[in-house]
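Open the model in your viewer and keep the sequence panel beside it. The stops below say what to select next and what is there.

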Amino acid sequence: MDQKNSIDKDQERLLEEESGTRALVRPEEKTKVPSFYKVLILNDDFTPREYVVHVLQKFFKKTEQEATHLMLQVHHKGMGVAGVFTCEIAETKAYQVNEYSKKHKYPLKCVVEAA
């Protein structure tokens, strides 16, 4: 096998010398998997439960049942994962929720954390 590779390389070198051209070899492309981030909803003592359910449905496309379950988790455990996204999407969703809550005068907060 080594001898065959050696012969192939010698033939390539002769072809290059005769034609004056060289073959370009493309590097192997490696697809990088994007990093993912969790969007966490934090519990507070002032935001009504119904509002949290509304936000989960509006910004995270949760069903009413999913949103209610997550709202209860946030209420009892202090926080809950609203979704897992790429960095830009996670940051955008957290920003949207925080601004929407501020506009409606609720202290509901979302934060982004590496998954």
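**Stop one: a loop lysine**

Select Lys61: it counts as exposed because its relative accessibility is 65% (buried means under 20% relative accessible area, exposed over 50%, partly exposed in between, with a 1.4 Å probe and protein chains only). Lys61 sits in the loop between H2 and H3. Its phi is near 55°, a positive value in a residue other than glycine.

A word on the model before moving on. This is a predicted model, in which local features need pLDDT of at least 70, side-chain atom pairs count only at pLDDT 80 or more, and totals for chains, interfaces and linings use all residues. Residues are numbered from 1 along each chain as its sequence is written, and side-chain values use heavy atoms, with hydrogens and water left out.

Go to Lys105, in the loop between H4 and strand S3 (109-114). Phi of Lys105 is near 60°, again a positive value in a residue other than glycine. Lys105 counts as exposed, because its relative accessibility is 73%.

**Stop three: the whole chain**

Zoom out and color by secondary structure. The protein chain has four helices and three strands. Helices (H or I, at least four residues) and strands (E, at least two) are DSSP runs, numbered from the N terminus. Along the sequence the pattern reads α-β-α-α-β-α-β. Of the 115 residues, 25% count as buried. Contact means heavy atoms within 4.5 Å. Among contacts between residues at least 6 apart in sequence, 71% join residues at least 24 apart.

Two packed helices are described by the angle between their axes and the distance between the axes. Axes are lines fitted to C-alpha atoms, for helices over the stretch in contact, and angles run from 0 to 180 degrees between N-to-C directions.

Select H2 and H3. Their axes come within 9 Å and cross at roughly 125°. H2 is therefore oblique to H3 (under 35 degrees is roughly parallel, over 145 roughly antiparallel, 65 to 115 roughly perpendicular, the rest oblique). Now show side chains. On H2, pick Arg49, Val52, Val53, Leu56 and Gln57; on H3, pick Glu64, Ala67, Thr68, Leu70, Met71, Leu72 and His75. These make the contact. By class, the contact has seven nonpolar, three polar and two charged residues. Ala, Val, Leu, Ile, Met, Phe, Trp, Tyr, Cys and Pro count as nonpolar, Asp, Glu, Lys and Arg as charged, and the others, Gly among them, as polar.

**Stop five: H2 against H4**

Which residues of H2 meet H4? Tyr51, His54, Val55, Lys58, Phe59 and Phe60 do, against Lys93, Gln96, Val97, Tyr100 and Ser101 in H4. The contact divides into six nonpolar, three polar and two charged residues.

**Stop six: the core**

Finish with the largest nonpolar core, which has 21 residues. Such a core is a set of buried Ala, Val, Leu, Ile, Met, Phe, Trp, Tyr and Cys residues joined through side-chain atoms within 4.5 Å. Select Ile41, Leu56 and Phe60, which touch the most other members. S1 (36-42), H2, H3 (64-77), S2 (79-86) and H4 each give two or more residues to this core. H2 gives the most, with seven.

Last, center on Ile41. Not counting residues up to four places away in sequence, Ile41 touches residues including Leu56, Phe60, Val74, Met79 and Leu108.
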